[in-house]
Every structure is written in C-alpha cells, then in structure tokens.
Amino acid sequence: MKKSFYHYITIGIVVLYLLIPLLGTFLYSFATSWHKTILPEGLTFKWYIELFGDIRFLESLGRSLILSLGATILTLIIMVPAIFSIILYAPKLEKIVQSLVVMTYAMPGIILAVGLIRAYSTSGVSMVLITIGAYFVGILPYMYQGTRNSLRNINAETLMEAAEILGASRYTAFIKVIVPNIMSGILVSSLLSFSILFGEFVLINLLVGGHFETVQIYLYQKLSQSGHIASAIVVCYFILISILSAVMIKMTRQKKETI
Amino acid sequence: MSFLTIEKIKKSFNNETVLHHLNLSIKEGEFVTLLGPSGCGKSTLLRTIAGLIHPDEGTIHIDGKNVTEVKPKDRQVGMVFQSYALFPNMTVQENIEFGLKMKKLDKESIKQNVARVIELVELTGKERSYPRELSGGQQQRVALARSLVTQPKVLLLDEPLSALDAQIRKNLQKQLRSIQQELNMTTILVTHDQEEAMAVSDYIYIMNKGHIAQSGSPHEIYTRPASEFVARFIGNYNVLSRKEISNLFNDDNGYTRDIYAIRPEAFSEAPVKDGYEITGKIQKMTMLGNITRYELEVNNVCFIADHLHKIEEDSQKRETITLYLNRKDVISLT
Ligand SMILES: Nc1ncnc2c1ncn2[C@@H]1O[C@H](COP(=O)(O)OP(=O)(O)OP(=O)(O)O)[C@@H](O)[C@H]1O
Ligand SMILES: [Mg+2]
C-alpha cells in the first residue's frame with residue numbers, strides 16, 4: 001500500500017511538472033490579460049483570430065510544411081531503396097551507414113550550420129535547398145532504424161528470392177512485395193522525421209533566417225511582440241504534433257497485430 | 001536421358017569449400033532427394049540450381065540448355081522455402097497469381113490456372129485468406145501451389161515440411177508425391193530426415209561435407225550402404241569392426257574388411273539355411289510402436305535387433321534369445 005502511495009505521489013509530481021507549463025501556455029493563449037491574478041482575468045478567442053488572420057503566419061506554416069514534407073519525401077524516395085539495397089546486397093556497407101547515423105548525433109546544430117554556411121554560401125545554391133539537404137542527413141537515423149527493423153520483421157531476403165524465382169525483376173519485387181510490407185513501419189519513421197523537422201529551429205534560423213520564414217522563426221519573432229499570440233502558436237503546434245503522435249501510435253499497434 | 005545435369009559444381013564461402021565438384025544427373029519427371037546432415041551443403045546446392053548462388057566452377061544444364069549464367073527469374077524453376085516465404089500483403093489467390101502475372105498471362109488463363117492448382121493442393125475456399133490466417137500446413141500448400149502454377153521445369157523444395165508436426169508431415173509427404181506424379185514434375189527435395197527421403201523419392205543423393213557420399217534408389221541405399229557414414233546416417237544399422245564381427249559369429253573366416261554393417265531387422269527368430277546362429281543376452285528391450293527393439297550382448301559385443309511386435313511377447317521373462325542371420329546380410333563397408 002505504502003509503496004503504491006509513493007508511486008502515485010512521484011508520478012503525480014512529474015505529471016504536474018510537465019503539464020503546468022503547457023496548461024499555462026494554453027490558458028495564456030485564451031486570456032484577455034493575465035498579470036496580477038492567479039487565473040486569467042477573462043477568456044477570448046482574439047489571439048487565435050489575430051493569428052489566423054495574419055497572412056505571414058499562414059505563409060510560414062506553408063513554408064514549414066513544404067520544407068519538412070519535402071525533406072521527408074525526398075528521404076523516402078532515396079533513402080529507403082538505398083538502405084534496402086545495402087542491407088540485402090551489400091551488408092558490408094552497413095557499417096558506414098551506422099557511423100553516419102552516429103555522426104548526425106555527434107554534430108551539434110550550430111557547428112553544422114556554420115560549416116554549411118562556409119561551404120555553400122558563396123556557391124550560389126539556394127540555402128533553402130542546402131537546408132533540405134541537411135535535413136535529409138539529419139533524419140537518416142530514424143529512417144535507417146525504421147527501414148531496417150521493418151525489413152527484418154518480414155524476412156525481406158527470402159521474400160525477394162521467392163519473388164525473383166517466380167519471375168519478378170528485383171525492381172518489381174521491391175515495389176510489389178517489399179514496399180507494401182514495410183509501408184506501415186516506414187510511415188511511422190516518416191511521421192517521426194516530419195515532426196522533428198517541423199520543430200527544427202537552429203539550422204533554418206542560421207542558414208536562411210528571415211528570407212524563408214518558417215513557423216519556428218515566426219514564433220521566435222512573435223515572442224518579443226505578444227506572449228498571447230506566441231502561446232497560441234505553441235498550442236497549435238502542440239495539437240498538430242499530438243495528432244501526428246496519435247496516428248503513429250495507432251499505426252504501430254496495427255503493425256504489431258498483423259505480425 | 002538426363003533432364004537436369006550438374007557438372008563439377010564447386011562453391012566456397014570465405015575460403016571454405018562447401019560444394020566439392022559435385023556431379024548430379026536427374027531424369028525428367030524424377031523425384032530426387034538430397035539427404036544429409038545439417039551443414040553438408042544441401043541448401044547451397046539447391047540454391048545454386050535455382051540461380052540464387054553463383055557457383056565458382058561448374059555448369060548446370062536444364063532441359064539441354066546451359067543455365068549457369070541465367071538469372072533466377074528466367075530459369076523456369078520453382079522453389080518452396082522452409083519458411084514458406086509467402087507474401088504477407090497478398091491473399092492466397094494473389095500469392096498464387098504472382099508468378100503468372102510476372103509472365104504477363106491474360107486474365108482468363110490466370111484465373112483458370114490458379115483455380116486448377118488450388119484444387120490440386122486442396123485449398124478451395126481459402127482463396128481470400130491472408131497467409132497469417134492459415135495453419136502451417138495450409139501455408140506450405142499455398143507455397144507449393146504458387147510454385148506449381150508457373151509450370152516450372154524443375155521444382156526445388158528446401159525442407160518444406162520440417163516445420164510441421166509429424167502427422168501433417170506424413171500427409172503432406174503423400175500429397176506431395178502424388179501431385180508430383182500427376183504432373184510428372186521433375187523435383188528435388190532437400191531433407192535431413194531419412195525416412196522422408198525413403199518414403200517419397202525415386203532416387204536419393206546422400207551428401208556429406210560437400211561430397212556425394214552415395215547415390216541410388218531408396219532400396220539400394222537402404223540395403224547396400226557403401227560407407228560407414230551412410231550406414232550410420234540412414235538408419236539404425238549395427239556398425240561393427242572386424243574384431244567385433246568375428247567375436248559375434250565365433251568365426252574369423254572371410255572377414256577381411258575393417259568395418260561391417262548389419263541391419264537390425266535382418267536378425268530373425270526362425271532358423272535360416274546356412275546362416276549364423278547367435279544366442280545373446282538381452283540387455284534391454286524397447287517398444288517402438290509396431291516393432292520391438294532388443295539390445296543384445298554376445299561375447300562382449302553389443303548390437304541391436306528389431307522384430308515386428310507380437311502380442312504374445314514374453315521376453316520380459318527371458319534372459320537370452322537365439323537369433324539367426326543370413327550371411328549376405330553382413331555388409332562390408334569402406
Ligand atoms: N551465404 C553464406 N555465407 C557463408 N557461408 C555459408 C553461406 N551459406 C552457407 N554457408 C555455409 O555453407 C555450409 C553449408 O550450408 P547449407 O546451408 O548448404 O547446409 P545444409 O546442408 O542446407 O544444412 P541444414 O540442413 O542445416 O539446412 C555451412 O557450413 C554454412 O555455414
Ligand atoms: Mg539447409
């Protein structure tokens with residue numbers, strides 16, 4: 001009894017610790033003003049109306065989506081077949097992929113950004129494209145793990161052999177047999193990658209900054225102007241990420257059931 | 001006339017030779033088994049025939065055509081894997097159709113062919129099920145149907161039944177054999193179960209460490225094992241040294257080879273003309289279903305003898321038993 005009592009207390013404290021700032025932000029985004037009182041003085045939709053009325057916000061939302069989706073889709077098209085080929089047909093190269101994976105963690109964002117600016121700022125290539133390229137590498141770990149685990153789960157090597165003996169080319173076998181079976185695993189990694197990129201600030205701010213305003217940059221600027229609007233942005237962002245997480249959890253569950 | 005000819009196939013992995021210049025020749029419509037202990041290279045040989053492994057040396061001819069350099073997809077072979085390797089995203093129907101779709105057959109003939117093999121492997125009514133909804137035996141039959149429907153020139157089976165329990169296994173063995181005979185399909189089965197090999201094959205290749213230890217019909221192999229390895233591998237042969245043989249028979253005339261084999265069921269309780277008479281102490285008696293196995297001892301030589309089980313067995317009380325053996329049942333080994 002005692003033990004479970006302490007359990008609840010500790011869990012309760014942790015949950016409060018995590019929830020209070022969110023709750024605060026949530027309330028603040030609906031508050032008319034909130035300075036000297038414990039609870040807001042009044043509630044209003046004003047900030048949300050203002051936020052969604054601002055074309056800059058909608059544009060930055062669009063840019064964020066394009067950037068994160070673009071990088072994720074690019075990764076899907078290029079990285080998944082590459083990882084598949086490496087795992088099945090050139091397992092010796094897998095070590096290189098693994099060290100790349102480690103390197104993406106080892107490299108702090110600031111250093112990466114400075115390096116990229118030095119290398120490409122005079123090259124004439126659009127820094128937006130450079131950012132997409134950096135994102136592409138940045139989400140390598142998630143895509144690699146997701147693809148590899150999915151391939152393991154379905155015993156991809158034997159499936160490929162079976163399909164080939166039945167007269168399929170490797171390309172056809174990959175598209176018709178492998179892809180449908182790893183789809184759910186890969187979608188989960190993609191959603192994860194997408195939500196990580198969507199919240200990315202360091203690289204985009206340093207590499208392109210105001211030239212290509214994303215939601216994160218917009219949020220950063222709003223922070224100094226209106227705490228209410230900034231809170232409203234955070235709430236929207238949080239809702240979006242929650243939806244994505246819910247979808248991911250649901251898909252992971254489904255995958256387990258089918259196996 | 002040989003339909004599938006394998007000449008001097010050699011394959012090494014990491015400097016370790018797994019297939020040592022093997023030669024096999026298989027007739028059209030023949031059911032051949034590759035039998036051997038784990039790791040002797042059976043799967044490697046089968047995969048080489050399928051084109052999944054490229055041999056270091058040697059050639060493979062199927063139906064008069066050299067296919068050594070032909071890709072698996074163009075070899076016109078069918079293969080059933082131990083793990084079934086059914087496509088999880090496809091229904092039974094779609095799995096079986098796959099090979100025909102790759103051949104770009106028209107819809108109508110795909111439909112007919114699929115319906116025919118589904119009937120052949122007795123899976124009617126399961127067309128819309130997914131592989132995960134089927135039992136192991138059913139999955140294996142889908143795998144078989146999927147290979148058969150493309151009418152391959154050679155059907156390769158890599159331990160297709162080893163994941164199934166004994167009862168289903170026996171049934172599927174029979175079914176496999178009758179389907180094979182009905183279609184007159186040239187078939188190579190890999191197994192390490194000698195009973196399975198004896199039950200279904202026309203011809204058996206026994207493999208050991210990448211060599212062919214012996215080949216022949218099941219009857220030849222069983223009654224005339226050529227080496228100690230084969231004798232030990234294909235049954236419960238008594239393998240005895242020259243000294244043990246002369247002790248056993250109290251007779252050292254004519255036994256000049258180093259090693260001999262005697263089938264346990266060659267010993268009979270009825271006297272045989274011009275044979276040996278042996279009286280042994282019963283060490284142990286075991287019931288193996290329809291046979292009774294005696295572990296006997298004579299002049300410090302231990303051996304086993306099998307008899308068909310009889311109701312009025314009273315050997316429980318007996319201490320010794322007298323058995324007779326035909327001279328020709330003592331097989332000399334190399
Ligand atoms: N791709 C490979 N790379 C390296 N070694 C291999 C490879 N495939 C097989 N071998 C080796 O070749 C030998 C024969 O393997 P093979 O799979 O042909 O045996 P098997 O007779 O089928 O055995 P089992 O009855 O256990 O399936 C083994 O020693 C194995 O380790
Ligand atoms: Mg094997």
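**Close-up views of a predicted model**

**View 1. Helix H1 of chain B in the shell around ligand 1.** In this predicted model, helix H1, which covers residues 42-50 of chain B, supplies 3 residues to the shell around ligand 1, the largest share. The residues around the ligand include Lys42(B), Ser43(B) and Thr44(B), together with Pro37(B), Ser38(B), Gly39(B), Cys40(B) and Gly41(B). Phe13(B), Val18(B), Glu159(B) and His192(B) also belong to the residues around ligand 1. By residue class, the shell divides into 4 nonpolar, 6 polar and 2 charged residues.

**View 2. Polar contacts of ligand 1 with chain B.** The side chain of Ser43(B) places an N or O atom 2.6 Å from an oxygen atom of ligand 1, while a polar backbone atom of Gly41(B) is 3.0 Å from an oxygen atom of the ligand. Glu159(B) takes part through its side chain, a polar atom of which lies 3.2 Å from an oxygen atom of ligand 1. The ligand taken alone exposes 630 Å², and the protein buries 59% of that area.

**View 3. The hairpin of strands S9 and S10 in chain B.** Strand S9, residues 203-208 of chain B, pairs with strand S10, residues 211-216 of chain B, in the antiparallel sense, and the pairing runs over 5 bridges. Within this pair, Ile206(B) of the one strand stands opposite Gln214(B) in S10(B). The two strands form a hairpin with 2 residues between them, and in the turn Lys209(B) has a positive phi of about 50°. In a regular strand, side chains alternate between the two faces of the sheet.

View 4. The secondary structure of chain A comes to 12 helices and 0 strands, and the C-alpha atoms of the chain fill a box of roughly 75 × 65 × 35 Å along the principal axes. Of the 259 residues in chain A, 41% count as buried. An unreviewed UniProt entry places the feature "transmembrane region" at residues 7-31, 65-88, 100-120, 126-144, 186-208 and 228-249 of chain A.

Notes
Residues are numbered from 1 along each chain as its sequence is written. Chains are lettered from A and ligands numbered from 1 in the order in which they are written. This is a predicted model: local features need pLDDT of at least 70, side-chain atom pairs count only at pLDDT 80 or more; totals for chains, interfaces and linings use all residues. Side-chain values use heavy atoms; hydrogens and water are left out. UniProt positions are given in the numbering used here, feature names are shortened, and annotations may be inferred rather than shown by experiment. Two strands pair if DSSP finds at least two bridges between them. Helices (H or I, at least four residues) and strands (E, at least two) are DSSP runs, numbered from the N terminus. A residue is near a molecule or strand if one of its heavy atoms lies within 4 Å of it. A polar contact is a pair of N or O atoms within 3.5 Å; within protein, one must be able to donate a hydrogen and the other to accept it, and residues adjacent in sequence count only if both atoms are side-chain atoms. Accessible areas come from the Shrake-Rupley method with a 1.4 Å probe; for residues, only the protein chains shown count as cover. Ala, Val, Leu, Ile, Met, Phe, Trp, Tyr, Cys and Pro count as nonpolar, Asp, Glu, Lys and Arg as charged, and the others, Gly among them, as polar. Buried means under 20% relative accessible area, exposed over 50%, partly exposed in between (1.4 Å probe, protein chains only).
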